[in-house]
Amino acid sequence: MSESATRLSVFKTYKLYVGGKFPRSESGRVYEVTTATSASDGAGQGTWLANAPLASRKDARDAVVAARKAFGGWSGATAYLRGQILYRVAEMMEGRRHQFVREVADAEGLSKSRAAETVEAAIDRWVWYAGWTDKISQVVGGANPVAGPYFNLSTPEPTGVVAVLAPQESPLLGLVSVIAPVIATGNTAVVAAAEKAPLPALSLAEVLATSDLPGGVVNILSGRTAEIAAPLAAHQDVNAIDLTGAAGDAELARDLQVAAADNLKRILRPQPVDKADWFADPGTGRLTAFLETKTVWHPTGSLGASGSSY
């Protein structure tokens with residue numbers, strides 16, 4: 001290269017994350033992602049950052065197939081192993097901390113110091129849920145008192161494939177806060193990233209792919225939230241849906257709840273969440289939101305050793 005030549009930057013090509021692989025949208029469509037603009041900017045556009053894939057209905061269906069295929073192995077893994085893998089995600093994010101700080105600052109219009117706090121909170125959130133994987137069953141399960149010669153035990157089990165609409169106002173910390181509890185309890189997830197700020201989610205996919213997380217446990221789609229969510233809500237092989245990302249669109253949330261009711265999905269309804277709220281102690285609410293309770297009856301005494309469950 002001559003001294004007068006100017007090196008061209010290598011722009012990153014962002015892709016979807018489905019089944020542990022990074023495909024482009026089957027439609028071939030993309031959309032522009034720009035930096036956040038403040039209220040004082042009016043209708044002005046931010047600075048161009050990248051072209052993100054515009055996922056289609058078929059991409060959403062492919063993601064559901066991948067999530068269902070991964071469910072058996074992931075739900076059957078030990079809680080201890082799931083905790084180790086979630087902790088590994090935190091380790092990998094820590095190693096790419098500076099990249100996430102830059103992306104969060106661009107996505108949310110934050111200062112570098114505030115973006116760093118957000119990224120650190122997201123990393124800590126993975127550690128939080130990693131610690132809960134082998135404890136939540138002790139908190140929500142247990143022996144139940146019954147009037148009869150029986151043991152009656154309740155144990156939590158994962159619901160299945162969960163569609164997750166990531167929060168629009170917090171594309172990394174909020175995103176981690178809705179994904180981690182879903183997979184910590186043995187579910188698999190199909191995630192619609194924040195529509196206007198999908199890059200942190202697409203970068204998180206690269207972390208997940210190198211963190212021992214089996215392919216298909218988390219699938220991440222970028223694009224128009226309504227376009228992605230519609231087929232997910234109506235899909236007969238989706239067992240539950242988290243509508244957090246529809247908090248600012250009452251009509252969309254209502255339509256998705258109607259579609260989800262077709263096969264009696266478990267629904268986590270959207271609640272208005274301020275950016276600052278994602279920094280709060282997450283508690284166990286999202287861990288239990290997508291768990292089902294299995295009750296086992298076991299006779300004692302003269303009734304014999306056979307048992308039953310429902």
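Biologist: What does isoleucine 228 touch, not counting residues up to four places away in sequence?
Modeller: Isoleucine 228 touches Ala55, Ala60, Ala192, Leu221, Ser222 and Gly223. Contact means heavy atoms within 4.5 Å.

Biologist: What should I know about the source?
Modeller: This is a predicted model, where local features need pLDDT of at least 70, side-chain atom pairs count only at pLDDT 80 or more, and totals for chains, interfaces and linings use all residues. Residues are numbered from 1 along each chain as its sequence is written, and side-chain values use heavy atoms, with hydrogens and water left out.

Biologist: Is isoleucine 228 buried or exposed?
Modeller: Buried, with a relative accessible area of 0%. Buried means under 20% relative accessible area, exposed over 50%, partly exposed in between (1.4 Å probe, protein chains only).

Biologist: Which helix holds isoleucine 228?
Modeller: H8. Helices are DSSP runs of H or I, at least four residues, numbered from the N terminus. Threonine 225 lies in H8 too, which covers residues 225-234.

Biologist: Why does threonine 225 count as buried?
Modeller: Because its relative accessibility is 5%. Leaving aside neighbours within four places in sequence, threonine 225 contacts Leu165, Gln168, Ala193, Glu195 and Leu252.

Biologist: Switching to H6. How many of its residues are buried?
Modeller: Twelve of its twelve. Among them are Leu173, Pro181 and Ala184.

Methods:
Helix = DSSP H or I, 4+ residues; strand = E, 2+ residues; numbered from the N terminus.
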